[in-house]
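Hi,

Here is the model I said I would pass on. Have a look at it first, and then read my notes below.

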Amino acid sequence: MENTPSIKGNAVSCPLSKCLLELAQLCVDLETLDTKKLAAHLKTSLDAINSRFKRMSEALDKHGRDEAVLHIINQGWVSLPARSDGGGGQKILPHKSKNT
């Protein structure tokens, strides 16, 4: 797996592969952690998405996809979309599917 250096100039190097960072960015862009929605968008299986989230969580030593994606956001390794209402950052809700 190829590691990608910090893409937002953060002093902390990103330990995630390009594939895992792309999944995290998609979570932010679609405002979801839902396996079915992400799999449909990427045209891949539910198992593939779950496997990527597991690898992401393990690489970051986090307890689940929500903690992992929030850590990635806090590190600045993904881009947050600009908000037209002048509000703060994105709110990503915890994943509630049985297919974790």
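Helices here are DSSP runs of H or I with at least four residues, strands are runs of E with at least two, and both are numbered from the N terminus. The axes of the two helices, H3 and H4, come within 9 Å and cross at roughly 60°; these axes are lines fitted to C-alpha atoms, for helices over the stretch in contact, with angles running from 0 to 180 degrees between N-to-C directions.

On the H3 side of the contact (heavy atoms within 4.5 Å) are Asn50, Phe53, Met56, Ser57 and Leu60, and they meet Arg65, Ala68, Val69, His71 and Ile72 of H4. By class, that makes six nonpolar, three polar and one charged residues. Ala, Val, Leu, Ile, Met, Phe, Trp, Tyr, Cys and Pro count as nonpolar, Asp, Glu, Lys and Arg as charged, and the others, Gly among them, as polar.

A word on provenance: this is a predicted model, where local features need pLDDT of at least 70 and side-chain atom pairs count only at pLDDT 80 or more, while totals for chains, interfaces and linings use all residues. Residues are numbered from 1 along each chain as its sequence is written, and side-chain values use heavy atoms, with hydrogens and water left out.

Staying with H4 (residues 65-75), its buried residues are Arg65, Ala68, Val69, Ile72, Ile73 and Gln75. Buried means under 20% relative accessible area, exposed over 50%, and partly exposed in between (1.4 Å probe, protein chains only). The buried set of H4 packs against helix H1 (18-30), helix H2 (35-42) and helix H3 (46-60). Just after H4, Gly76 has a positive phi of about 80°.

As for the whole protein, there are four helices and zero strands, and buried residues make up 38% of its 100 residues. Of the contacts with a separation of 6 or more, 51% are between residues 24 or more positions apart.

Ser45 counts as partly exposed because its relative accessibility is 37%. Its side chain reaches the backbone nitrogen of Ala48 at 3.0 Å. Ser45 also lies 9.0 Å from Thr35, C-alpha to C-alpha, with the two ten residues apart in sequence.

Cheers

Definitions and conventions: Polar contact = N/O pair within 3.5 Å; in protein donor to acceptor, adjacent residues only side chain to side chain.
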